[in-house]
Amino acid sequence: MLFLQFLGFGFFDFPKYILNPNASEQELLKWNGWGYNDSKFIFNKKGQAEFTGKRYRLGGMVLPTFKEWIEKTFGASLEHKTTSRASLNVNDVPPSIVNEEFLQDLRATKISYSQDAEDRVFRAHGHCLHEIFVLREGMFKRIPDIVVWPVCHEDVVKIVELACKHNLCIIPFGGGTSVSSALECPEEEKRTIVSLDTSQMNRILWIDEKNLTACVEAGIVGQDLEKQLAESGFCTGHEPDSMEFSSLGGWVATRASGMKKNIYGNIEDLVIHIKMVTPRGIVEKNCQVPRMSTGPDIHHFIMGSEGTLGVVTEVTIKIRPVPEYQKYGSVVFPNFERGVACLREVAKQRCAPASIRLVDNAQFQFGHALKPQVASIFTSFLDGLKKFYITKFKGFDPNILCVATLLFEGDREKVLQHEKQVYDIATKFGGLAAGEDNGQRGYMLTFVIAYIRDLGLDYYVIGESFETSVPWDRVLDLCRNVKERIVRECKEKGVQFAPLSTCRVTQTYDAGACVYFYFAFNYRGISDPIHVYEQIERAAREEILANGGSLSHHHGVGKLRKRWMKESISDVGLGMLRSVKEYVDPNNIFGNKNLL
Amino acid sequence: FFSLFFLVSFCSIAVSHSFFICSQQKELTSKKRDEFEDILEERRLSSDLRYAMKCYTPVIYKGLSPCKPNAIKSAVLQSEQVQYVIKQLAKEMGESPDIIQEEAMEILDEMGHSMQLGAVRFFAFTLSKIFKQLFQRVCVNEEGMQRLQHAIQEHPVVLLPSHRSYVDFLMLSYLLYTYDLALPVIAAGIDFLGMKIVGELLRRAGAFFMRRSFGGNRLYWAVFSEYVKTMLRSGYAPIEFFLEGTRSRTAKTLTPKFGLLSIVMEPFLKREVFDTYLVPISISYERILEESLYAYELLGVPKPKESTSGLLKARRILSDNFGTIHIYVGQPVSLRTLASGRINRCPYNLVPRHLPQKPSEDIQEFVSDVAYKMELLQIENMVLSPWVLVAAILLQNLPAMDFELLIEKTLWLKGLTQTFGGFIEWPDNLCARKAVLSGLTLHANIARLVDGHVVLNDKGLEDGAVGEIVFKRALAILMCATYRNQLLNVFVRPSLVAVALQMTRSFRKEEVYSCFSFLRDVFSDEFIFFPGISLKDFEEGCFLLTKCDAIQTSQQEIYPTDKGSVIVSFLSAMFKPFVEGYQLIFRYLSKETKEAFTEKQLIPGVRNFVFQLLEKGNTQCYEALSSDMQKNALAALVQLGAVKKKKIVETLLWDPATKFLNSLAGCFCLPLPFGFQSFSQGFDKQREQSCLFLIEGLLCVLE
């Protein structure tokens, strides 16, 4: 709807710049942090933690134990506060340098664009810690010179042609949720940088119920896609933790993975057809088939290309009927080792529910700290009883036990059957069913964790998450060693308080698992916290690689992890990717410098 | 030719450049070392029984889940590693896995320790009694014990003591018990099991037994290495073994063995543990319990088999005094730190970790470097008693020496040793006369004071046959050398520079370095050199000589100072027995052997050859009789490519490359060999040059 208005507007006048068609949505979001403006953690007048807004289940609730947890875990104190700049200082923003001939050509296409400072800064970053830190306290050295909003595939073709003609650099922008420095503009880029925002390409073009596929424009955001498909009774089932903000094109470009991949698959399993605009032209297959043997799959050049080859414009994706029934669940294990053994067994029997995650003790306590105030004495009594049963009667050590969270999906009968199978396996590994509520809270944590980081930033606590995939037999060693490495590095780098260093096994596969780490520390007393943070993160990655883990399971490489690409895929492997880039984009129009 | 020229000029640049760095090196002697405490003092004051029955609650590894020795055995048997090898062998030999499993069980039963507190208490009691009898003091650096205590809690710990005596491991366990630390499990030779009761007792005190050689036996290797690794991974107890593999009969540190070290390093390299601490421990004896046994052994009188009755016979030594023991527990070395920047990426990523895998060359090299590093750390913290200095001086002044002069020289050598970083235990208030006298008292069996002269104690000199005189004398000299040897690894770098200076008779730095580097290669099995840092060793040697004003160096040259000639000649005289001994051995090999020989043939051969020369008075190099030196020389020749090692039907044969050997040995004989054409065949230029230096140098030394 929005874009039609603007098309009309552009029809009889050519203003200096055409207004941001995405303005209303952009306004809903924080400019210097994660997510929606109205949703954030605060400490209320009583000094209790509270989550604002109504968007999340946690919204408006008081979290009585959260403050204590923060103080205990990080040695942070509410009296020591840092504050972000209230708003962007436009004078700091690097000027937009765009050649007039290009602007004329661009106007002729009637594609919306903007040279406004706020619009450009908004698209100059993802959500890495150092990026957010810069937003709060500094300014990027290089940001896009101009933002363009194509509304369809043809617009993208025109923009890419113009970029080739004028020798510009294009950086595609989807949801802006990158955590690999993929959106950062290379400082040394002398050409005009065009941020190609795909947000206006957000329509579902068609739904094919016979083949259960849908063709969707690549700019659509995850939650909108699911919402709109649901109107027809379908879903894709692809739910990365960032799905509220990340886009379909972004998923393709980073080889994304969703929480419920056990049922629906990861993005590479979901995609049937991709259309991508490159400086060489359009790349796509000639049919929409489940599989073909026509040499190496060209989709695999596109998936994970991280915006270095072109812009994904349309994707045909598999859809499924919306499941009839959903059920959360959780299991407590006496220790992490037993929990991992159980997950391994579940994977072996190939009976993993839609999602199964195992959080370690620290993360269990983290989740526990986010427990809202209980409404009635009865619930609190019940909680106490549960706790008593697990710790005293069953002898679980509350400082060692860990929890698996489960999500079942499907028709009701099968879900219940499935649930029993999984709980039976869990019992063999000493697991105790711990209720739906614990499970649901576990999943909520993944959606609000990024908001918690913003709160931490206000109190000298910085943190980030990172992930890897690892063969089953090395899961325990990797988890232990990486966590220990983080603790040690912090100590060596002069971090005063022991850091939060926690992990969860977040996906299971036949041959291994995906492990997700959270890492945060209190940086009071450190002069250059971001540098220290980056050193530690780098050490942690080295540790992962030394333990037989991968460079990334689903976050991608971007510029953050580029240095390890060669050893990850070998010299020849890197050469193969380079030669593709060379052919597809010889003038490096897609010059975000990711990956290679 | 041009490339050679380039090489030389490059070398000289490298040498002069690194000298610049050298001058900024830290002072070696300023190293702070911990204070010692005598643990026997407390034992002499209170009841041994109460001590043996004390409440023993050692600190343990933080990640430990306690288990019984038998649980470890069954975990090893059920481990993927062992099961994999069992299945493989079953398939290859067409036997049922059960039979092989049975075999594995037997191996485990033979090998496994069964540590029991009762046995530990028994040892605590009896050892208290024995140690108090034998030793005046047992001194320990308490700070080292505290560091060890922390280390044990944090990560799996590997104790790496030096090995001079059977007392070593008993003493170490005794010490850990005293300090309430977790008792180690100790890798012991299987021969101990020959001692009926004692073997089992040791087993209960934490010893586990390994066969001396099991290279070919895959099952044994799998079971053994998994047994060690299981204990290490679980942090069950500190693991203790001797890098040197066996007791050093010469008190000189033996070159390290790599097998066990590579096993204990593997869990870290495979990232099964976060880190592993290696703790070098230096145990120094003022008087070694087995000193005379060793001397006999070196002269070819075989070592008595370990037997309980033998042990009982040894009882009479209980009435003797063996002075003080110093135990220095070194700083725990983190394996992770050692590996960082070297073995960054896990080389085991692409193969399941339970498969037996030959370590890559990188890793083998790393293991070897770690082994040498640990031995060098042991050497650094070895305590040297005044007697060690006395022995070194005495050996240069045989047969007798004026007592006053000896005192004066001892004091002088004390200063020199300290300049070179030696760790001398010499109380501040102790005057030199007393120190020398007390050394002579303790070692009355070696030397004594007669009419103001100190003479070697080679009794029966007058009445025996010539052969017997030589033998007795050799015995005394070898025993005395055992103590001088404790100085050698501290002195070896400056001394080889001194020897090289004398040999080359040149002041050009490159030539001296060339000669030094050749000597270092030749003596690579005799002394401990960190592999591949010849230049650095040379620099260190020069630096130390400069520090004691023995030499002056410029960009291109090295020359002894006026007063330095005393030091330079003392140092080269100190190593003269080795230069001469090697010369004799090379001569024997080139003259007396024509075909391939076994080690069993070589040793008596050389011994007779040298013996005859000694009888005739044609040489004074008694130390060439030492089988240790003979073996080391052989190993050096193998490394230099002069002798080839062949294996024919289970026996190792050494095949001298006659032509090469002839020329090499020829170099050592006077007069100069005819021509160098034949010599240089199959021999690279640089080494040829080094040989030239050596020949000239030897001429000089022998004159």
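Where in chain A is the place of A:Lys110?

Reply: Happy to, and keep in mind from the start that this is a predicted model. A:Lys110 sits in a loop of chain A, with helix H4 (100-109) on one side and strand S4 (112-114) on the other. What makes this lysine worth a stop is its backbone: phi is near 65 degrees, a positive value in a residue that isn't glycine. As a rule, most residues other than glycine have a negative phi, and most peptide bonds are trans.

The peptide bond running from B:Leu398 to B:Pro399 is cis, with an omega near 5 degrees. B:Pro399 is in a loop too, the one between helix H17 (386-395) and strand S11 of chain B.

Follow the chain into S11(B) and you reach a sheet. It's an open one made of three strands, in the order S11-S14-S13 of chain B, with antiparallel pairing. Strand S11 (400-402) and strand S13 (447-450) of chain B are the edge strands; each has a single partner, so one side of each has no neighbour in the sheet. On average, neighbouring strands here are turned by 25 degrees against each other, if you ignore direction. S11(B) is tied to strand S14 (residues 453-456) of chain B by three bridges. Across that pairing, B:Asp402 faces B:His453 in S14(B). In general, strands of a sheet pair through backbone hydrogen bonds, either parallel or antiparallel.

Now hop back to chain A for another open sheet. This one has five strands, ordered S8-S9-S13-S11-S12, and the pairing is again antiparallel. Strand S8 (204-208) and strand S12 (281-283) of chain A stand at the edges with a single partner strand each, so each has one side left without a neighbour in the sheet. Neighbouring strands in this sheet are turned by 10 degrees against each other on average, direction ignored. Inside the sheet, strand S9 (residues 213-217) and strand S13 (residues 311-318) of chain A pair over five bridges, in the antiparallel sense. If you'd like one pair to find on screen, A:Val216 stands opposite A:Val315 in S13(A). Lying across S9, strand S11 (271-278), S12 and S13 of chain A is helix H7 (residues 153-166), which runs at about 35 degrees to S11(A).

Searching the whole structure turns up ten cavities of 30 Å³ or more. H17(A) has the largest share, with five residues.

Last, how far can you trust the picture? Chain A has a mean pLDDT of 91, with 95% of its residues at 70 or more. Its residues 1-17 stay under 50, though, and the model has 16 contacts beyond four places in sequence for them. For chain B the mean is 83, and 83% of residues reach 70 or more. Residues 1-30 of chain B are below 50, with 30 contacts beyond near neighbours in sequence. Residues 666-703 of chain B are below 50 as well, and that stretch has 57 such contacts. Where pLDDT is low, the predicted coordinates should not be read in detail. For the complex, the predictor gives an ipTM of 0.88 and a pTM of 0.88.

Notes. Residues are numbered from 1 along each chain as its sequence is written. Chains are lettered from A and ligands numbered from 1 in the order in which they are written. This is a predicted model: local features need pLDDT of at least 70, side-chain atom pairs count only at pLDDT 80 or more; totals for chains, interfaces and linings use all residues. Side-chain values use heavy atoms; hydrogens and water are left out. pLDDT is the predictor's confidence in each residue, from 0 to 100. Contact means heavy atoms within 4.5 Å. Two strands pair if DSSP finds at least two bridges between them. Helices (H or I, at least four residues) and strands (E, at least two) are DSSP runs, numbered from the N terminus. Axes are lines fitted to C-alpha atoms, for helices over the stretch in contact, and angles run from 0 to 180 degrees between N-to-C directions. On a 1 Å grid over the protein atoms alone, a cavity is a set of points where a 1.4 Å probe fits but cannot get out, and a pocket is an open set with protein on both sides within 12 Å along at least five of seven lines; lining residues have an atom within 4 Å of a point. Grid points are joined across faces, edges and corners, and a volume is the space filled by probe spheres set on the points.
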